[in-house]
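Reader: I would like to learn how to read pockets, surface patches and salt bridges in a model. Please take them one at a time.

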Amino acid sequence: MEDLNQIIERARADFAAAATPAALEDVKAVYLGKNGQLTALLKGLAKLPVEEKREFGSKINQAKQAVEAALNERREEFARQKLQERLASEAIDITLPGRSSGTGGIHPVMKTWMRVEEIFRTIGFDVADGPEVENDWYTFTALNNPPNHPARSMQDTFYVDLVDETGKQMPLRPHTSPMQVRYARQHKPPIKVIAPGRTYRVDSDATHSPMFHQVEGLWIDENISFADLKGVYVDFLRRFFETEDLVARFRPSYFPFTEPSAEVDMMFTSGPRKGKWLEICGAGEVHPNVVRNFGLDPERYIGFAFGTGLERLTMLRYGIDDLRLFFEGDLRFLKQFN
Ligand code: PHE
């Protein structure tokens with residue numbers, strides 16, 4: 001049985017010498033293939049007498065198993081090698097900076113909107129929202145605008161190709177006041193509401209944009225005076241700008257829907273922006289005709305209304321001097337607020 005041991009030894013040596021998995025399979029054929037050495041020995045058994053057949057047969061089988069084991073060992077070695085190579089080539093450098101998908105942020109004007117809602121809610125104001133494509137009555141007539149008021153003209157207000165129930169062409173609301181009328185007609189006094197939202201005017205420069213945001217406030221009850229307006233609005237400004245070092249003045253003005261009417265200016269009394277009056281708001285005591293259009297008796301109910309631009313508040317809060325920055329979508333600008 002010298003031969004068998006030699007065959008096993010040679011097979012082992014040949015397997016070890018095979019440099020690639022393909023070469024290994026070629027070497028395998030030399031021993032275990034159809035015309036391989038061990039196969040040939042097994043075929044030769046046929047010629048032997050029965051006892052020798054059994055004895056020699058089992059020895060050849062043992063040798064065959066030994067060769068197969070050696071073959072499998074070498075195959076596994078190749079598999080391990082291949083895995084190592086893959087692990088090395090696909091290695092991940094965990095010290096590299098990550099690639100994140102980036103998160104969005106809240107637009108500065110929207111931040112102002114949220115702050116304004118929060119502040120007014122704490123003093124008992126409801127928040128109302130309504131249509132941006134309005135009808136003529138809510139936008140102008142109910143607010144005491146005479147039929148030929150310039151605000152009604154195409155120079156000042158955008159119109160869409162739609163008519164309302166009365167056959168009048170519908171404007172994009174130039175302020176959120178129509179929402180106050182809607183709200184007041186649906187609620188009983190005390191009426192205490194702010195209406196923030198998008199508004200539209202034919203206007204475009206560094207401080208005006210054809211689409212902008214407004215928040216209007218309305219408080220109607222049996223004795224809501226100009227003094228209440230002053231108290232509420234100045235308190236709002238101090239909380240919005242987070243400073244007590246701020247004063248406001250009420251300059252006489254004119255709006256069809258308020259009487260008396262005022263423009264509100266504010267001034268910081270400390271810090272880098274101190275000492276300059278800044279226009280911030282239109283306001284006044286709601287005109288009796290408008291109170292009547294709310295469906296209320298103006299002999300009994302009275303109160304104030306105001307309207308402020310959310311962009312304007314945002315510009316003053318952050319010291320931004322060009323309104324167009326809000327609408328350009330430049331991330332270098334927007335990222336500073338998040
Ligand atoms: N509606 C006015 C505007 O848009 C602002 C305003 C509101 C003025 C309420 C007085 C009272 O300019």
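Predicted model: local features only at pLDDT ≥ 70, side-chain atom pairs only at ≥ 80, totals over all residues.

Reader: What is the volume of the largest pocket, and which residues are the closest to its centre?

Author: A pocket is an open set of points, on a 1 Å grid over the protein atoms alone, where a 1.4 Å probe fits, with protein on both sides within 12 Å along at least five of seven lines; lining residues have an atom within 4 Å of a point. Points are joined across faces, edges and corners, and the volume is the space filled by probe spheres set on them. Here the largest pocket has a volume of about 1200 Å³. Its lining has 49 residues, and P174, R201, F212, Q214 and F255 are the closest to the centre.

Reader: Which element gives the most to that lining?

Author: Elements are DSSP runs numbered from the N terminus: helices are H or I of at least four residues, strands E of at least two. Strand β8 gives the most, with seven residues. Elements that each supply at least two residues include α7 (177–186), β5 (211–221) and α10 (310–318). By class, the lining holds 23 nonpolar, 18 polar and eight charged residues; Ala, Val, Leu, Ile, Met, Phe, Trp, Tyr, Cys and Pro count as nonpolar, Asp, Glu, Lys and Arg as charged, and the others, Gly among them, as polar.

Reader: Which residues line the second largest pocket?

Author: T103, G104, G105, I106, H107, L331, L334, K335 and N338 line it, around about 180 Å³ of space. Three of the lining residues are nonpolar, five polar and one charged.

Reader: Which residues make the nonpolar surface patch?

Author: Such a patch joins nonpolar side chains (Val, Leu, Ile, Met, Phe, Trp, Tyr) within 5 Å, from residues with over 30% relative accessible area and no salt bridge. I106, M110 and M114 make one of about 240 Å², with areas from the Shrake-Rupley method and a 1.4 Å probe. I106 is in the loop between α4 (50–89) and α5 (108–122). At 35% relative accessibility, I106 is partly exposed; buried means under 20%, exposed over 50%, and partly exposed in between.

Reader: How many salt bridges are there?

Author: The rule asks for a side-chain nitrogen of Lys or Arg within 4 Å of a carboxyl oxygen of Asp or Glu. The count is 17. One of them joins E242 and R317, with the closest N and O atoms 3.1 Å apart. E242 lies in the loop between α8 (226–240) and β6 and R317 in helix α10, so the pair ties together parts 75 residues apart in sequence. E242 is exposed, at 58% relative accessibility.

Reader: Is D265 buried or exposed?

Author: D265 is buried, with a relative accessible area of 2%. D265 forms a salt bridge with R251, at 2.8 Å between the closest N and O atoms. D265 lies in strand β7 and R251 in strand β6, so this pair ties together parts 14 residues apart in sequence. R251 is partly exposed, at 30%. A network of salt bridges links R249, R251, D265 and E279.

Conventions:
Residues numbered from 1 in each chain as written. Heavy atoms only, no water. Patch = residues over 30% accessible without salt bridge, like charges linked within 9 Å, V, L, I, M, F, W, Y side chains within 5 Å. Buried < 20%, exposed > 50% of the residue type's maximum accessible area, 1.4 Å probe, protein only.
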